[in-house]
Amino acid sequence: MSTVRVKLDVARERLDHTRAAFSRDWLTYSMLAPVLLIMGVLVWGSLLDGIWMSFHSFDFLGRREWVGLENYQYIVGWDTFWTSVRATIIFGLVTFSQLAIALVAAVAVKHARFRDYISALFVIPYTIPGLVSGTLWVFILHPDLGPILPLLVDIGLLEQTIYWGTQGDTAMAVIMFAATWAYWPLVFIILTASLDGIPEEQYETARVYGASKVQAFFHITLPQLKGAILVAVSLRTIYNLTKVSQPLQITGGGPGFDTSVLGILVYRFTEGSQRFGLAMSVGVILVLLTMLFVVPYIRSFERNADTGGMT
């Protein structure tokens, strides 16, 4: 009973706190309400409609027929689906290569001369649309017509060109490389903004006590970047798990289905065969998979916010 009473007291305190906050900032909440309503309809309304669609099949006229869990049973028993899940998870790991490059770049340019110009150069890849950057890399890494692989053959570093599009591992490596190049600048921007918030006095104090640059990085920089890293990793994980442009543009999901991430399956079911029920079923599973990876980051983010461990 005492445990129940404590929980009730906590619930009452939260309710009182919410009422007090609303009474104090009622004008702010009333101005936000229309935006939240519109976003709720667009985001949550679309999500709920997609879930409802996943329990139906559609004919060529778009008429719905309730099929219950048949779409999910079909997908789970389809080997190609699991190949796509594997491809999606592997492609999602590109988040960490983006983080590594961005972290090194952000720390390296913090005290560099012409920092603004260097940072602007770093951000350029992010300004290029994914479709355009994918097309560029298809040409640059073309086994016969591109400028790189034929050159490596001519100078003797390769015995023969690499037809990377014919093997699943090399094809996945190429699209991960392209995605890393295109999207690491977003992480760089987030980390750079967080770095600017670290007081310079902390580094001066560390130098006075004889700390090396490496020690200062691990004991000052990295702990205070934790919040920014969690934000960046969460955003990039969501984007990478749902990414379609690079795999579709560079490999078309091939060879076979080795690089056919779940987003491509949704696209194929929708545009190709117009099997909207199956497309929505894959989409729902993709949402759940994304939440499975992102929720731990969000929970860690909240714990750090509660303990004041973020800058």
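Below is what I looked up, overall build to begin with, then charges.

**Overall build.** I'm working from a predicted model here. I counted 14 helices and two strands in the protein chain. Next I checked the radius of gyration: 25 Å, well over the 19 Å the globule rule gives for 311 residues, so the chain is more spread out than a compact globule. The C-alpha atoms fill a box of roughly 65 × 65 × 40 Å along the principal axes.

**Burial and contacts.** I get 36% of the 311 residues as buried. Of the contacts between residues at least 6 apart in sequence, 67% join residues at least 24 apart. The chain exposes about 18,800 Å², and carbon and sulfur atoms supply 67% of that area.

**Charges.** I looked up 21 positive and 22 negative charges, whose mean positions sit 8 Å apart. How many salt bridges does the count come to? Two.

**R64 and D49.** In this salt bridge the closest N and O atoms are 3.6 Å apart. R64 is in strand β2 (residues 64–66) and D49 in helix α2 (residues 26–53), so I note a link between distant parts of the chain, 15 residues apart. R64 is partly exposed at 40% relative accessibility, and D49 is partly exposed at 35%.

**R115 and D196.** Their side chains meet in a salt bridge at 2.7 Å, N to O. This pair also links distant parts of the chain, 81 residues apart: R115 belongs to helix α6 (residues 115–127), while D196 lies in the loop between α9 (168–195) and α10 (200–208). Buried or partly exposed, I wondered about R115? R115 is partly exposed, at 22% relative accessibility. D196 comes out partly exposed at 47%.

Methods:
Residues are numbered from 1 along each chain as its sequence is written. This is a predicted model: local features need pLDDT of at least 70, side-chain atom pairs count only at pLDDT 80 or more; totals for chains, interfaces and linings use all residues. Side-chain values use heavy atoms; hydrogens and water are left out. Helices (H or I, at least four residues) and strands (E, at least two) are DSSP runs, numbered from the N terminus. The radius of gyration is taken over C-alpha atoms; the globule rule is 2.2 Å times the number of residues to the power 0.38. Buried means under 20% relative accessible area, exposed over 50%, partly exposed in between (1.4 Å probe, protein chains only). Contact means heavy atoms within 4.5 Å. Accessible areas come from the Shrake-Rupley method with a 1.4 Å probe; for residues, only the protein chains shown count as cover. Lys and Arg count as positive and Asp and Glu as negative; His and the chain ends are not counted. The place of a charge is taken as NZ of Lys, CZ of Arg, CG of Asp or CD of Glu. A salt bridge is a side-chain nitrogen of Lys or Arg within 4 Å of a carboxyl oxygen of Asp or Glu.
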